[in-house]
Amino acid sequence: MQFTDFVFYILSAILLLASLRVITARNPVHAALALVLAFFTAAGLWLLLEAEFLAITLVLVYIG
């Protein structure tokens, strides 16, 4: 198992948990913070795919 595989699985697990937290959170502030975490981990996955433009666009447009 390579390092990039390990990072991929960690980021994927965080993304799944954050997206589930967005749906199940009762407090809208907690849901928004989980959504920001989901966007950052999705940007990390784009960086693993060497799609830097898409990762930066995701962070600047949706989080900014």
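Author: The axes of helix H1 (residues 3-24) and H2 come within 8 Å and cross at roughly 155 degrees. Axes here are lines fitted to C-alpha atoms, for helices over the stretch in contact, and angles run from 0 to 180 degrees between N-to-C directions. H1 and H2 are therefore roughly antiparallel to each other (angles under 35 degrees count as roughly parallel, over 145 as roughly antiparallel, 65 to 115 as roughly perpendicular and the rest as oblique). The crossing in which H1 passes H2 is left-handed, meaning that the near helix is turned anticlockwise from the far one by less than a right angle; clockwise would be right-handed.

On the H1 side, the contact is made by Thr4, Val7, Phe8, Leu11, Ser12, Ile14, Leu15, Ala18, Arg21 and Val22. H2 contributes His30, Ala31, Ala34, Leu35, Leu37, Ala38, Thr41, Ala42, Gly44, Leu45 and Leu48. Contact means heavy atoms within 4.5 Å. By class, 15 of these residues are nonpolar, five polar and one charged (Ala, Val, Leu, Ile, Met, Phe, Trp, Tyr, Cys and Pro count as nonpolar, Asp, Glu, Lys and Arg as charged, and the others, Gly among them, as polar).

The model is predicted: local features need pLDDT of at least 70, side-chain atom pairs count only at pLDDT 80 or more, and totals for chains, interfaces and linings use all residues. Residues are numbered from 1 along each chain as its sequence is written, and side-chain values use heavy atoms, with hydrogens and water left out.

Within helix H2 lies threonine 41. Threonine 41 counts as buried, at 5% relative accessibility (buried means under 20% relative accessible area, exposed over 50%, partly exposed in between, with a 1.4 Å probe and protein chains only). Leaving aside residues up to four places away in sequence, threonine 41 touches Leu11, Ile14 and Leu15.

Next comes the loop between H2 and H3, where leucine 49 is found. Leucine 49 is exposed, with a relative accessible area of 61%. Its C-alpha atom is separated by 10.0 Å from that of threonine 4, 45 residues apart along the chain.

Helix H2 (residues 28-48) also packs with helix H3 (residues 52-63), at an angle of about 165 degrees and with the axes 7 Å apart. H2 and H3 are therefore roughly antiparallel to each other, and H2 passes H3 in a left-handed crossing. From H2, the contact involves Val36, Phe39, Phe40, Ala42, Ala43, Trp46 and Leu47; from H3, Glu52, Leu54, Ala55, Leu58, Val59, Tyr62 and Ile63 take part. This contact has 13 nonpolar, no polar and one charged residues.

Glycine 64 lies in the segment after H3 and is exposed, with a relative accessible area of 88%. The C-alpha atoms of glycine 64 and phenylalanine 40, 24 residues apart along the chain, are separated by 11 Å.

For the chain as a whole, there are three helices and zero strands, in the pattern α-α-α along the sequence. Helices (H or I, at least four residues) and strands (E, at least two) are DSSP runs, numbered from the N terminus. The C-alpha trace spans about 40 × 25 × 10 Å along its principal axes. Of the 64 residues, 23% count as buried. Among contacts between residues at least 6 apart in sequence, 38% join residues at least 24 apart.
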